[in-house]
Amino acid sequence: MFGDFAPQLVHFTDDVLFGEVWQRPGLAARDRSLITVASLVTSGSTAQLRHHLGRARDNGVGEAELTEGITHLAFYTGWPHAMSAMAVAKDLFRS
């Protein structure tokens with residue numbers, strides 16, 4: 001998507017973040033997904049959330065767990081962030 005515009009950002013994303021950080025043995029991919037989804041929900045970063053919700057499902061996190069996690073986060077991050085995240089989740093899971 002950004003390869004011809006920002007090749008270094010693509011390099012850091014593909015090679016460092018997903019190639020090295022996500023492959024480190026200290027956490028399972030499932031746990032990394034839960035942490036990443038929680039971080040995106042609490043920061044209101046819904047543009048990246050769709051991808052990471054899908055990745056979380058691929059890493060063994062169920063849809064019910066993800067919606068429960070977003071519901072739980074509403075009390076810590078606030079209703080607007082949780083409602084925006086739930087809209088992304090609903091669109092992804094129901095499409």
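What percentage of the contacts with a separation of 6 or more in the protein comes from residues 24 or more positions apart? I get 58%, taking a contact as heavy atoms within 4.5 Å.

Notes on the source. This is a predicted model, where local features need pLDDT of at least 70 and side-chain atom pairs count only at pLDDT 80 or more, while totals for chains, interfaces and linings use all residues. Residues are numbered from 1 along each chain as its sequence is written, and side-chain values use heavy atoms, with hydrogens and water left out.

Overall layout. I find 5 helices and 0 strands in the protein, in the order α-α-α-α-α along the sequence. Helices here are DSSP runs of H or I with at least four residues, strands are E runs of at least two, and both are numbered from the N terminus. The C-alpha atoms fill a box of roughly 35 × 30 × 25 Å along the principal axes. Of the 95 residues, 26% are buried, that is, under 20% relative accessible area with a 1.4 Å probe, protein chains only.

The core. I looked up the largest nonpolar core and found 17 residues in it. Such a core is a set of buried Ala, Val, Leu, Ile, Met, Phe, Trp, Tyr and Cys residues joined through side-chain atoms within 4.5 Å. Helices α2 (29-43), α3, α4 (63-77) and α5 (79-93) each give two or more residues to this core, and α5 has the largest share, with 6 residues. Leu-49 is among the core residues with the most contacts inside it. Beyond four places in sequence, Leu-49 touches Val-37, Leu-40, Val-41, Ala-85 and Val-88.

His-52. I place His-52 in helix α3 (residues 46-58). Why does His-52 count as buried? Its relative accessibility is 10%. Leaving aside neighbours within four places, His-52 is in contact with Phe-18, Trp-22, Thr-36, Val-37 and Leu-40.

Ser-33. From His-52 I went on to Ser-33, 19 residues away in sequence and 6.9 Å away in space, C-alpha to C-alpha. Ser-33 sits in helix α2 and is buried, at 1% relative accessible area. Which side chain does the side chain of Ser-33 meet in a polar contact? I noted Asn-59, at 2.8 Å; a polar contact is a pair of N or O atoms within 3.5 Å, one able to donate a hydrogen and the other to accept it, and residues adjacent in sequence count only if both atoms are side-chain atoms. Setting aside neighbours within four places, Ser-33 is in contact with Trp-22, Arg-55, Ala-56 and Asn-59.

Notes:
Buried means under 20% relative accessible area, exposed over 50%, partly exposed in between (1.4 Å probe, protein chains only).
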